[in-house]
Amino acid sequence: MTAEHVPGFATLAIHAGAEPDPTTKARATPIYQTTSFVFDDVDHAASLFGLQAFGNIYTRIGNPTNAVLEGRIAALEGGTAALAVASGHAAQALVFHALLQPGDEFIAARQLYGGSINQFNHAFKSFGWNVVWADAADPGSFERAVTAKTKAIFIESFANPGGSVTDIAAIAAVAKKAGVPLIVDNTLATPYLVRPFEHGADIVVHSATKFLGGHGNSIGGLIVDGGTFDWSAHKERFPVLTAPRPEYQGIVLHETFGNFAFAIAVRVLGLRDLGPALSPFNAFLIITGIETLPLRMQRHSENALAVAEYLAGHDKVSWVSYAGLPGDASHERAQKYAPKGAGAVFTFGLKGGYDAGVALVSKVKLFSHLANVGDTRSLIIHPASTTHRQLSDTQKSSAGAGPEVVRLSVGIEEKADIIADLEQALAQV
Ligand SMILES: *Cc1c(COP(=O)(O)O)cnc(C)c1O
């Protein structure tokens, strides 16, 4: 390979961030199941604690297994650095902790993972971080929501629950004009299908629990710094990045760490002080999952398209919302942002309404009826009787979880078997 040769995505998915263990020569990344790391001497310890040298201190702040995962996701997203944490929700909490002071606002798309809507409406409000909702399908609604207190904009690349594709570039333009970072939750798309930094995002977050880990066995979260946001242009607005840090001898993070200052801030202030560290064992499972990410996302998207086409032609189905289908409201945006495929997660409506939804999830055999997405296995849920049960009918419908709605996360089994399972279950609806 020449010096200029840039490895492709599938190569980075297997190699980025990792090298054979220097001591044991282990080829797979070892699980460094240790809380702490021995200092060379007192000076070494002092330089680590003072952020003058990089190295391992204590697994709440960093761990060599987790560091491989961080290097890998930073390479796959095209960011400058990353931080691995205990869950997708922990990633979101640490991002906003670095950006917001009590009384500040951020604008979020209304079309989000249900757990994020709860986190923003309740837990974040109790910290004085105020969410202002906008419509992912209308970039102008973000612009109208900007105030002097706005500190960030938050969207999903493929939005829950219908898998619609968000116009990242249009909303990035609003963020740029407002002088605030755009945060993109890239969980449902993964960097294999959508690369938010190429469209103007500044920070990417993931629930690694879903397609990155990919096997339904570990909870984890990731924060990726795009290195694009100029904190120094907004000194008053982002004091965590631009004011001297009393706990680190007065250093100013963006001056010392430049285009990866945000990744440092969420680690040395957020993770250190709030504590949601990722277990190295989970990091190992997520690293292993990412090695096959390109193959799995291709197969997920191919199977989901076949299932969506099958459902669109079924006489018990009233509508199918899948960005991969020509004619879908998101189809054009899918071709721009996700030309390799529209992912695995989408919704459809049953003519028989609530009872038909309950019957369908009871009759499937290959599909698992549960509240997750991004497993190798095909998953199904009827939101109106489960995740959205407590909402009124109007609230259910505006959240895309009306009585007739079923959500699928199409797995990577044989597509004929997935369709046959829906066929036999729909026959009993
Ligand atoms: C699951 C999920 C989250 C939350 O992640 P956890 O790992 O469950 O904390 C956030 N965003 C999206 C889009 C998700 O699917």
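Biologist: Start with the second largest pocket. Which element gives the most to its lining?
Modeller: That is helix α11, which supplies five residues to the lining of the second largest pocket.

Biologist: Which residues lie nearest the centre of the largest cavity?
Modeller: Thr59, Gly62, Asn66, Ala84 and Leu271, out of 13 lining residues. The elements giving two or more residues to that lining are α3, β1 and α11. Those three elements each supply at least two residues to the second largest pocket as well.

Biologist: What classes line the largest cavity?
Modeller: Six nonpolar, four polar and three charged residues.

Biologist: Back up a second. How confident is the prediction? What does pLDDT average over the chain?
Modeller: It averages 95, and 99% of the residues score at least 70.

Biologist: Where is confidence lowest, and where is it highest?
Modeller: Lowest in helix α16 (residues 393-398), with a mean of 78. Highest in strand β9 (residues 221-225), at 99.

Biologist: New topic, aromatics. How many aromatic pairs are in the whole structure?
Modeller: The search finds 22 aromatic pairs. Take Phe120 and Trp133: their ring centres are 6.2 Å apart and their planes are at 25 degrees, so this pair is stacked.

Biologist: Where do those two sit in the chain?
Modeller: Phe120 is in helix α5 (residues 114-126) and Trp133 is in strand β3 (residues 130-134). They are 13 residues apart.

Biologist: Buried or exposed, for Phe120?
Modeller: Phe120 is buried, because its relative accessibility is 0%. Trp133 has 24%, so Trp133 counts as partly exposed.

Biologist: How are Phe229 and Trp231 arranged?
Modeller: They form a tilted aromatic pair, 4.6 Å centre to centre, with 55 degrees between the planes. Both Phe229 and Trp231 are buried.

Biologist: Which residues do ring pairs link into a cluster?
Modeller: Phe96, Phe106, Phe120, Phe124, Phe127, Trp129, Trp133 and Phe154. So Phe120 and Trp133, the stacked pair, belong to that cluster.

Biologist: What about charges over rings? Which ring does Lys210 sit over?
Modeller: The charged end of Lys210 sits over the ring of Tyr113, 4.6 Å from the ring centre. Lys340 lies over the face of Tyr192, at 4.0 Å from that ring's centre.

Biologist: Now backbone angles. What is the phi of Lys25?
Modeller: Near 70 degrees, so a positive phi in a residue other than glycine. Most residues other than glycine have a negative phi. Lys25 is in the loop between α1 (9-15) and α2. Lys25 is exposed, with a relative accessible area of 61%.

Biologist: And where is Gln249 found?
Modeller: In the loop between α9 (239-242) and α10 (253-257). Gln249 is not a glycine, yet its phi is positive, at about 50 degrees. Its relative accessibility is 55%, so Gln249 counts as exposed.

Biologist: Last one, contacts across the sequence. How far apart are Leu311 and Leu422?
Modeller: They are 111 residues apart in sequence and 8.8 Å apart in space, C-alpha to C-alpha. Leu311 lies in helix α13 (residues 293-312). Leu311 is buried, because its relative accessibility is 0%.

Biologist: What separates Ala208 and Ala86?
Modeller: Along the chain, 122 residues; between their C-alpha atoms, 9.3 Å. Ala208 is in the loop between β8 (203-207) and β9. At 1% relative accessibility, Ala208 counts as buried.

Technical notes: Residues numbered from 1 in each chain as written. Predicted model: local features only at pLDDT ≥ 70, side-chain atom pairs only at ≥ 80, totals over all residues. Heavy atoms only, no water. Phe/Tyr/Trp six-rings, centres within 6.5 Å; stacked < 30°, edge-to-face > 60°. Helix = DSSP H or I, 4+ residues; strand = E, 2+ residues; numbered from the N terminus. Buried < 20%, exposed > 50% of the residue type's maximum accessible area, 1.4 Å probe, protein only. Lys NZ or Arg CZ within 6 Å of the ring centre and 35° of its normal. pLDDT = per-residue confidence, 0-100. 1 Å grid on protein atoms, 1.4 Å probe; cavity = no way out; pocket = protein on both sides within 12 Å on 5 of 7 lines; lining within 4 Å. Nonpolar A, V, L, I, M, F, W, Y, C, P; charged D, E, K, R; others polar.
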